[in-house]
Amino acid sequence: MNTPSMASTKSFVSVRGWRARYTYRLRLIDAGIVIWAMAGAYGIRFGFADIENTNVREVDYAVLSVALVIAWWLMLEIWGSRESRVLGSGSEEYKRVIASSAWLFGAVAVVSYALRIDTARGFVGLAFPAGALGLVIGRWLVRQHLSLERHRGKSTSRVLIIGGPHSAAHLVRSLQSAPAAGYLPVAAHLPAAPSTKPFDERSVPVTGTESDFESILNVIATTKVDAVAVSAGVNLHPRELRRLGWELAARDIGMILAPALTDIAGPRIHTQPVAGLPLIHVSTPKLTGGKKVAKRSFDLVVAGILLACLSPIFLLLAFLVKVTDGGPVFYKQSRIGLRGTTFEMLKFRSMKVDADAQLHQLLTAQGSAGTPLFKVENDPRITSLGRILRKYSLDELPQLLNVLGGTMSLVGPRPQREGEVALYDDAAHRRLYVSPGMSGLWQVSGRSNLSWEESIRLDLYYVENWSLMGDVVILMKTFKAVFASTGAV
């Protein structure tokens, strides 16, 4: 077995440095939060009396509080909520925090019931939600700091990509598009690639095309990487991949297998070991039955609450639009919705009354009449009030009525005109499998500044991986995107 080179050892020390630093921070933050939660619950439930006036029951709960602080802190460690691979992006870190907390207090409830211990429900009922919420907020704050560092190129894992040219290029693009995940592609090795021409994928160099085991090990040592990502199309025998895993483990270098699956969320992926092979099962996305009822119920409740709360603003904007030029308050436009059905989408009017008659002429002048997602640049038809409405997406508020009527959803692919839908290819038509939304994944990921290809990819990702929690997250990001004013939705 080869011994690790000094270069690879230094690389490991570097990446271990940021991992150890953040793990240490999380341990301190977790300790502070669970102590605060338990002490607060004890103080609210029993009060902080003088020691000589403290009865036996309160002493018992003080001891229980200390025990729960220690147990809670240890459960967060045991559940892997501080592992470096879950830090910075995705929901796994939050899931582990909530799961470890729920299991701990669930165990307390079971033991109390089994042994008939009279545990104060108010004490537990205060400590658990306060602590769990505090831990999630603490993790979110740490994540923001880590994300900033990773956008600056710090606290990342240097990754060598091994695979076929096309799959390696796709993996490089994917990792570079998500810097918060903490993976920095530094080189690509393409075993037995048909061509040795330079790999032009965003300035990531190719280290070679040799497929023998020793050459790959030399590349790993030379590039001083912290992880190796094996993508689809790699021309290596399964036995060599196994040997590579052993060697990487000996060098304390991570190994990542990247299958040729794209835009598939975690809940749809299930691994089943068969004869030593980890088979990946991908479930079929279906928004039917209980899921459909849950999404519709969510839309009705949230849209109803928003309309009730925003009704004063709604009336004020209607008045301002009317007095601007005396035209109609609402702008109605035919859009294509679920399964290709047509509906009238409502907006506060932000353009001149004859805006539609000028559209084709303006699109022809800028050369975009035959492209999807057509938008007039520096549109002269927008009124002065309309620019303010669009900047903060206030013109979209009447679509809450569309949501209540069932023609739209709060979250979904953006509804488009018939002319745009006519330009769809087969993949883009999958956008019509769910109800169109007031906001969506591509709006909060870049809003109108995204290209058509990027927009359709994000919409398809939403269609393929819908979840109610995903809708909640998108709605939360929508408010941030609106106030950032990076462009009208």
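Select aspartate 30 and arginine 139 to begin: the two form a salt bridge whose closest N and O atoms are 2.7 Å apart, where a salt bridge is a side-chain nitrogen of Lys or Arg within 4 Å of a carboxyl oxygen of Asp or Glu. The pair links distant parts of the chain, with aspartate 30 in helix H1 (residues 6-46) and arginine 139 in helix H4, 109 residues apart; helices (H or I, at least four residues) and strands (E, at least two) are DSSP runs numbered from the N terminus.

This is a predicted model, in which local features need pLDDT of at least 70 and side-chain atom pairs count only at pLDDT 80 or more, while totals for chains, interfaces and linings use all residues. Residues are numbered from 1 along each chain as its sequence is written, and side-chain values use heavy atoms, with hydrogens and water left out.

Aspartate 30 is buried, with a relative accessible area of 1%, and arginine 139 is likewise buried, at 1%; buried means under 20% relative accessible area, exposed over 50%, and partly exposed in between, with a 1.4 Å probe and protein chains only.

After H4 comes glycine 153, whose phi is positive, near 85°.

Move on to glutamate 396 and lysine 347, whose side chains meet in a salt bridge (3.8 Å, N to O). Glutamate 396 lies in the loop between helix H10 (384-391) and helix H11 (399-405), and lysine 347 in strand S9 (residues 342-348), so the pair ties together parts that are 49 residues apart in sequence. Both glutamate 396 and lysine 347 are buried.

Then select arginine 431 and aspartate 459, which form a salt bridge with the closest N and O atoms 2.6 Å apart. Here arginine 431 is in the loop between helix H12 (418-421) and strand S11 (437-439), while aspartate 459 is in helix H14 (residues 452-464), 28 residues apart. Both arginine 431 and aspartate 459 are buried. In total, the count comes to 16 salt bridges.
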